[in-house]
Amino acid sequence: MTDRDVFEYALLRVVPRVERGECFNAGVVVYCRARSFVAARTHLNEAKLAVLDPAADVVGVRAALHAVEGLCLGGEDAGQAAGDDAGRRFRWLIAPRSTVVQPGPVHTGLTTDPEAEVERLLELLVR
């Protein structure tokens, strides 16, 4: 039996009109402390976005989603968080906020491959 590690994940939701509270999933952020791993994958369904808000800023929403992916990668794309460890970056990303791209609640699981978990959850819960 292979060793499995605990991981945490949160969905990224697009809330085009915050005052209405309507949303759809557009990404997932996965964190595994045991492996110092954090990653995000996103997929913006522009048709859903247009249904909820025909005047939505598609370019801005896409940029916000890509910023989450960049922060997870670290390095220059992470800006001020570049020097933070994976856990700090994850905690910052899942902090509640009232913006168009919002994190959902945190869930946990067990995995032998956090990278594969990111792709699995994206397919299962977002696409």
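This is a predicted model: local features need pLDDT of at least 70, side-chain atom pairs count only at pLDDT 80 or more; totals for chains, interfaces and linings use all residues.
An α-helix has 3.6 residues a turn, so residues three or four places apart point the same way. The buried residues of helix 2 are Val-61, Leu-65, Val-68, Glu-69, Gly-70, Leu-71 and Cys-72, and the elements that cover them include helix 1 (46-52) and helix 3 (86-94), together with strand 1 (5-14), strand 2 (24-32), strand 3 (37-42) and strand 4 (101-111).

The strands form an open sheet of 4 strands, in the order 3-2-1-4 and with antiparallel pairing. Strand 3 and strand 4 are the edge strands, each pairing on one side only, and from one strand to the next the twist averages 20 degrees. Strand 1 and strand 4 run antiparallel and are joined by 9 bridges; within strand 4, Pro-103 is the bridge partner of Leu-12.

Two helices pack on this sheet, as the table sets out.

| Helix | Strands touched | Angle between directions |
|---|---|---|
| Helix 2 | strand 1, strand 2, strand 3 and strand 4 | about 160 degrees with strand 3 |
| Helix 3 | strand 1, strand 2, strand 3 and strand 4 | about 155 degrees with strand 2 |

How values were computed: Residues are numbered from 1 along each chain as its sequence is written. Side-chain values use heavy atoms; hydrogens and water are left out. Buried means under 20% relative accessible area, exposed over 50%, partly exposed in between (1.4 Å probe, protein chains only). Contact means heavy atoms within 4.5 Å. Two strands pair if DSSP finds at least two bridges between them. Axes are lines fitted to C-alpha atoms, for helices over the stretch in contact, and angles run from 0 to 180 degrees between N-to-C directions.
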